[in-house]
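User: Hi! I have a new model open and would like to walk through it with you. Could you start with any term I'll need for the sheet?

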Amino acid sequence: MPKVVPVRPETGNGAIPAENDVAIKVRGVTVGFGEKVVLRDLDLDVRRGEVLGFVGGSGTGKSVLTRAILGLVKKWSGTIEVFGENLDKLSREEHRALERRWGVLFQHGALFSGLTVLQNIQVPMREYLHLSQALMDELAMLKIEMVGLNPDAAHKFPSELSGGMIKRAALARALALDPEILFLDEPTSGLDPIGAAEFDELIGTLQKTLGLTVFMVTHDLDSLYSICDRIAALADGKVAAEGPIKELLQSQHPWLQSYFHGIRAERMNR
Ligand SMILES: Nc1ncnc2c1ncn2[C@@H]1O[C@H](COP(=O)(O)OP(=O)(O)OP(=O)(O)O)[C@@H](O)[C@H]1O
Ligand SMILES: [Mg+2]
């Protein structure tokens with residue numbers, strides 16, 4: 001069943017953010033494991049205030065790049081700058097300060113199963129902030145409201161939640177520290193089309209109201225149409241093409257051609 005999604009004409013500001021206002025700058029990044037090279041001399045800019053959709057075949061390295069930016073996977077070479085700071089040049093303290101400025105929804109971004117939703121949202125708060133329990137409770141309830149969860153969900157454990165509610169709770173946790181950048185790795189995977197469309201709308205609304213920069217790995221064509229300002233496509237370890245969806249639709253790159261002009265894309269355009 002195709003999703004009914006509002007097509008986002010332009011960004012929240014009415015224009016694609018300026019090319020020179022870059023939140024994340026990746027240059028010449030190579031990452032591999034053992035003999036295997038996954039990302040090869042990759043360049044990418046994520047502009048401040050945009051939703052960048054990051055697409056590519058399964059196993060091409062989308063999560064690896066995300067994790068490399070987050071400092072969870074070691075790169076072999078290249079540089080990554082976030083808000084103008086070269087991550088390799090930061091002290092442990094400076095890196096921690098930067099970590100407070102981003103929130104992450106991991107692909108298998110499970111919540112801690114032994115903690116309630118409220119406690120899950122408070123994990124980053126405990127790690128990075130020194131707040132009273134009462135204040136953390138208040139803040140976590142605000143995040144729960146922000147992602148459209150019923151307040152009752154606060155005291156539930158992940159096993160008591162639907163897939164859509166788990167995604168929302170994980171998003172609330174990603175927003176716990178009021179980040180400027182949100183990393184979302186396959187945020188709508190596993191949701192039904194209606195649930196996915198609602199989640200896209202939530203991300204779009206939050207991005208606009210909070211002025212977030214969003215780096216979103218996705219396989220979901222509908223998300224690309226509805227909330228992404230620009231798209232970068234990963235193939236053969238590099239960004240093979242980047243730009244607004246209209247431009248990528250014209251790309252001659254074989255992977256993009258089959259991706260956008262495949263059966264799923266045709267169904268979307270009908
Ligand atoms: N920690 C690791 N050790 C060894 N190999 C890894 C590790 N992490 C990722 N890989 C390999 O790197 C490649 C890229 O993986 P990655 O998870 O980034 O793919 P992906 O593009 O996110 O795919 P999907 O769309 O299926 O999530 C895969 O071949 C994977 O097996
Ligand atoms: Mg992945």
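Analyst: Happy to! Two strands pair if DSSP finds at least two bridges between them. Keep in mind that this is a predicted model.

User: Good. What is the bridge partner of glutamate 81 in strand 5?

Analyst: Glutamate 81 is bridged to asparagine 86 of strand 5. Strand 4 (residues 77-82) and strand 5 run antiparallel and are joined by 2 bridges.

User: And what is the strand order in the open sheet?

Analyst: The order is 2-1-4-5, an open sheet of 4 strands with antiparallel pairing. Strand 2 (36-47) and strand 5 (85-86) each have a single partner strand, so one side of each has no neighbour in the sheet.

User: Which strands does helix 1 touch?

Analyst: Helix 1 packs on the sheet and touches strand 1 (22-33), strand 2 and strand 4. Its direction makes about 115 degrees with that of strand 1.

User: Switching to the ligand: which helix gives the most to the shell around ligand 1?

Analyst: That's helix 1 (residues 62-69), with 3 residues. The residues around ligand 1 include Gly59, Thr60, Gly61, Lys62 and Ser63, as well as Phe33 and Gln107. By class, the shell has 3 nonpolar, 7 polar and 1 charged residues.

User: What about the largest nonpolar core, how many residues does it have?

Analyst: It has 68 residues, and Leu52, Val214, Phe215 and Met216 are those with the most contacts inside it. Beyond its neighbours within four places in sequence, phenylalanine 215 is in contact with Ile24, Val46, Leu52, Phe54, Ile181 and Phe183.

User: Now the backbone. What is phi for aspartate 178 and for glutamate 186?

Analyst: Phi is near 50 degrees for aspartate 178 and near 55 degrees for glutamate 186. Most residues other than glycine have a negative phi. Aspartate 178 is in the loop between helix 5 and strand 7 (181-185), while glutamate 186 is in the loop between strand 7 and helix 6 (193-210).

User: Is each of them buried or exposed, and why?

Analyst: Aspartate 178 counts as exposed because it has 12 C-beta neighbours inside 10 Å. Glutamate 186 is buried, because 20 other C-beta atoms lie within 10 Å.

User: Last one: where is proline 151?

Analyst: Proline 151 is in the loop between helix 4 (133-146) and helix 5 (163-174). This proline is exposed, with 10 other C-beta atoms within 10 Å. Leaving aside neighbours within four places in sequence, proline 151 is in contact with Met141 and Ile144. Proline 151 and arginine 168 are 12 Å apart, C-alpha to C-alpha, and 17 residues apart in sequence.

Note on methods:
Residues are numbered from 1 along each chain as its sequence is written. Chains are lettered from A and ligands numbered from 1 in the order in which they are written. This is a predicted model: local features need pLDDT of at least 70, side-chain atom pairs count only at pLDDT 80 or more; totals for chains, interfaces and linings use all residues. A nonpolar core is a set of buried Ala, Val, Leu, Ile, Met, Phe, Trp, Tyr and Cys residues joined through C-beta atoms within 7 Å. Two residues are in contact if their C-beta atoms, placed from the backbone, lie within 7 Å. A residue is near a molecule or strand if its C-beta atom, placed from the backbone, lies within 6 Å of it. Ala, Val, Leu, Ile, Met, Phe, Trp, Tyr, Cys and Pro count as nonpolar, Asp, Glu, Lys and Arg as charged, and the others, Gly among them, as polar. Axes are lines fitted to C-alpha atoms, for helices over the stretch in contact, and angles run from 0 to 180 degrees between N-to-C directions.
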